[in-house]
Amino acid sequence: MLKVSDMDKVDELKKDIAELESFQNQATRQKNKDILSIQIRKLISDVVNLEEKLKGENSYVPSTTQSAVSSIRRYEVKINNYAWDQSEKFVKFYITLKNVQTALAENICCEFTPKNINLSIKDVDNKDYKWEIKNLLQEIDPEKSSWKIKTDTVLINAAKKVPMNWSHVTEWEKKASESKVPKMDTEKLDPTEGLMSLMKNMYETGDDEMKRTIAKAWTESQQKNQSPNFLG
């Protein structure tokens, strides 16, 4: 019989993972992103181990219904961490995923567009995984781009449309880097207006996920310190 305590642990770990991923999306320094990525991978590993334990304890379930139970429990995991490198003609992405080499070929799909990359991997250790990059800094050539599976790693070779050095992976990362030190208008009496202007610009130019993150952070801030809502 399944242990309720173990099931509760799995639920709590999933909540921790979701919260850490939210922090990772807000982080702007790579070192902090790496630290959060390490902790996220550790918690995902803990979830996998607990689910394997639960699966073993439920081994008495008849084979005719085992696949149905497994299918119901499978959930989607968004991969946020990755490493990247580049050559004159390619930008290379390294996505670490334990046991990815065990996935069936038909369960792995990588789609390229001039400014986006979408990777989908189904049924690895009873989970579905998604990784995506939006608004690449420069255009890539989908026809010349490729990907391959290695042990615990997916390697994506995105062909640069124009051979040149990329300072960042996405347009958003470049804008965030350039906006790290906001220019303050010395004529303004309120020193927070410059920061508010920067946050408003990040909200207006960011994607849906960034807008949700900033809106959530602003709402929580409003509860602690009442100030004008720049999101309008």
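This is a short tour of a predicted model, stop by stop, with what to select at each one.

**Before you start**

Residues are numbered from 1 along each chain as its sequence is written, and side-chain values use heavy atoms, with hydrogens and water left out. Because the model is predicted, local features need pLDDT of at least 70 and side-chain atom pairs count only at pLDDT 80 or more, while totals for chains, interfaces and linings use all residues.

**Stop 1: the whole chain**

Show the cartoon. The protein has six helices and eight strands. Helices here are DSSP runs of H or I with at least four residues, strands are runs of E with at least two, and both are numbered from the N terminus. Along the sequence the pattern reads α-α-α-β-β-β-β-β-β-β-β-α-α-α.

Now colour by accessibility. Of the 232 residues, 31% count as buried. Buried means under 20% relative accessible area, exposed means over 50%, and partly exposed lies in between (1.4 Å probe, protein chains only). Contacts are pairs with heavy atoms within 4.5 Å. Among contacts between residues at least 6 apart in sequence, 61% join residues at least 24 apart.

**Stop 2: the four-stranded sheet**

Select β1, β4, β5 and β6. They form an open sheet in the order β1-β6-β5-β4, with mixed pairing. β1 (75–78) and β4 stand at the edges, each with a single partner strand, so one side of each is left without a neighbour in the sheet. The twist averages 15° from one strand to the next. That angle rests on axes fitted as lines to C-alpha atoms, for helices over the stretch in contact; angles run from 0 to 180 degrees between N-to-C directions.

Strands count as paired if DSSP finds at least two bridges between them. β5 and β6 pair in the antiparallel sense over six bridges. Pick out I117: it stands opposite I133 in β6.

**Stop 3**

Zoom to residues 108–113, which make up β4.

β4 and β5 pair in the antiparallel sense over six bridges. They form a hairpin with two residues between them. Across the pair, C109 stands opposite S120 in β5.

**Stop 4**

C109 is partly exposed, with a relative accessible area of 36%. C110 counts as buried, at 11% relative accessibility.

How many disulfides are there? The count comes to zero, where a disulfide is a pair of cysteine sulfur atoms within 2.5 Å.

Not counting residues up to four places away in sequence, C110 touches I117, N118, L119, W147 and I156. The C-alpha atoms of C110 and I121 are 8.6 Å apart, with 11 residues separating them along the chain.

**Stop 3: the nonpolar core**

In soluble globular proteins, nonpolar side chains tend to be buried together. A nonpolar core here is a set of buried Ala, Val, Leu, Ile, Met, Phe, Trp, Tyr and Cys residues joined through side-chain atoms within 4.5 Å. Select F93, I117, I121, W131 and I156: of the 39 residues in the largest core, these touch the most other members. Elements giving two or more residues to this core include α1 (4–26), α2 (30–57), β3 (90–96) and β8 (153–159). The largest share, eight residues, comes from α2.

Centre on W131. Leaving aside neighbours within four places in sequence, its contacts include I79, Y82, F93, I95, I117 and I156.

**Stop 6**

Move to S145, in the loop between β6 (127–133) and β7 (146–150). Is S145 buried or exposed? S145 is buried, with a relative accessible area of 11%.

Its side chain has two polar contacts to display. These are pairs of N or O atoms within 3.5 Å; within protein, one must be able to donate a hydrogen and the other to accept it, and residues adjacent in sequence count only if both atoms are side-chain atoms. The backbone oxygen of D141 lies 2.8 Å from a polar atom of the S145 side chain. That side chain also reaches the backbone nitrogen of A159 at 3.0 Å.

Finish on β7 and β8. Five bridges join these antiparallel strands. K150 has T153 in β8 as its bridge partner. The two strands form a hairpin with two residues between them, and D152 in the turn has a positive phi of about 60°.
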